[in-house]
Amino acid sequence: MKQWLSLALGIVTATGGFLDAGTVATSGEAGAKFGLGLVWAVLVATFAIIVLVEMIGRFTAVSKKAYAEAIRENFGFRFFLLPLISEIIAESLLLAAELGGMAIALSLITGISWHLLFPVVALLIFAMAWRAPFDWIENAPALLGLASLAFVAGVIWLGGPSKDILPTLWKPDIKQGDLADYLYLVAAILGATISPYLLYFYSSGAREEGWTTRSLLLNRVTAFVGMGFGSLCSLALVFLGAMVLQPMNSQANTLGEIGLPMAKAFGTWGALLFAVALFATCMGAALEVVLGVSYCVAQGFGWEWGEDKKPAEAARFNLVIVIILIIAVLIGLIGIDPLQLAVFASTIIALVLPLSLLPFLVLMNDKQYLGDKTNGRFTNLAMLAILLIAFVVAIVSLPLQIVTGGG
Amino acid sequence: MEKSYQEAIKLPGDKKMNSKDCGTSSFLKARALSVSFLLCLLLIASGCQFTQSAFAKTAGNVGATFSVAATTIQYVHQGKLSVAYAHSSFENYQRQLQGADSQMPNEAGVPDKQTLTHLLDLYRTAMQAINNPCLNSTCDWRSQVAQLSQASKAFVEASGS
């Protein structure tokens, strides 16, 4: 019974953890600008994150080591600094976007300016990351995040895509001069979904929960079903954008716009559900980013770490939480729109993905860590494909960012 | 099977990759470099053709935001959207549209003077609705929707979309 409860919670966790400000922004924008022409990118990203999450869970359950610990141990401290520094830069930007997403969601509910709400949500995240037990952090936003399943209901309620939109699924409608925007969104979608913070968080979470080889089924179900559900919600946002936003010439430039299809489907309740889902997913992601970076730093430096430990018992781990939040708040105070910041952060993450993923290939084939649970041929090929995608995305993202002026 | 973590702390960078790992890394590195080089060439060669002019991009964004603003007002009066949601949305629309009138005349791809003047007139009228949206029954929301829709159509056409 306990095992089944764990399975259910794992699925719920992954459902809430998949979506964040980046995926909401890129999915909504993709649908509004290119109809169903970017559904393939969401599917590729989903495949990648399922494979990665399954691998990182398997690695942690079998080796009893968190990912950052293993990179540091296997490649040495100097090499570890590369993913660490790139992680801190990219995730600080993303954290600011997640806090902005939370503030905008609250603003859509209350009507109060999101600038005033920004420090409030930063304090909320600080309080939760500082004192809440790991179970709360994992399950509270995830349960609230189930509101995002309403996006799927919205697509059904509105009757699904029309015959005019459907062909864009296999033949994207890219107008002259829009190719740069299209490719930039491909990069952003991949960067938003394949986020390294998820690997650090998931791996450390598995350690916090004491996963063993008996947890491999739980891990596999979480990866496949949970991430599949998350992807379904993300795809629903693309469909809603294509069905409602594209005909009104919207470009989904603000997060509030992305909720309009839900208002069309279910009225004020639909808009409210969108805001709740946005708040919950951004809160879940903000907590995962804060803790992911803190785990990464603490494990890399060999400090005490653990969300279930009192702050005094893991003082330096908790200090990193404070510092990363301060950096994100300072970035947020510059006043950049959270949606633009989320898309930009996703591009930067895409750029640094190879640094985070390359060591993974080596670790997943190391029998010292994994015994007979090393990658098979399929998973190795999948991993190589992911690395290739990550690299292409990274190298395309930066010039496109300059050419398109930020998408 | 487990490795000593303390050992890693004391001896940073001590474990070397075996020759098979090095082979994989070198292969990836070489592959990655060739792909990046080709992509950079492609981007430099065709960069001017696959992106819109700065003016078209701004006009497209302005037109899109006006259109969404019109829908937001409509939804409020049809009972599909709360006033709080609309208030928050309009704060963001204002930020999106701010300064577009001073930006557009200086951008690459700007149309002739007559067209630009017409667009800027429409922009100023529509901005009155953006700055003071009619979200209750005491004002004429239909005329605001009409103004925003007219401006949106003109800007979207000017962007060439």
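Questions and answers on a predicted model follow.

Residues are numbered from 1 along each chain as its sequence is written, and chains are lettered from A and ligands numbered from 1 in the order in which they are written. In this predicted model, local features need pLDDT of at least 70, side-chain atom pairs count only at pLDDT 80 or more, and totals for chains, interfaces and linings use all residues.

Me: Where in chain A is confidence highest?
Reply: pLDDT is the predictor's confidence in each residue, from 0 to 100. Helices are DSSP runs (H or I, at least four residues), numbered from the N terminus. In chain A the lowest confidence is in helix 1 (residues 2-18), at a mean of 61. The highest, at 95, is in helix 8 (residues 150-157) of chain A.

Me: Over which residues of chain B does pLDDT stay under 50?
Reply: Chain B has a mean pLDDT of 78, and 68% of its residues reach 70 or more. The stretch with pLDDT under 50 is residues 1-24.

Me: What distance should helix 3 of chain A span?
Reply: Helix 3 (residues 39-63) of chain A has 25 residues, at 1.5 Å a residue. The expected span is 1.5 Å times one less than the number of residues.

Me: How many residues of helix 3 of chain A are buried?
Reply: A residue is buried if 20 or more other C-beta atoms, placed from the backbone, lie within 10 Å of its own. Helix 3 of chain A is mostly covered, and of its 25 residues the buried ones number 21.

Methods. Two residues are in contact if their C-beta atoms, placed from the backbone, lie within 7 Å. Helices (H or I, at least four residues) and strands (E, at least two) are DSSP runs, numbered from the N terminus. A residue is buried if 20 or more other C-beta atoms lie within 10 Å of its own, exposed if 12 or fewer, and partly exposed in between; C-beta atoms are placed from the backbone.
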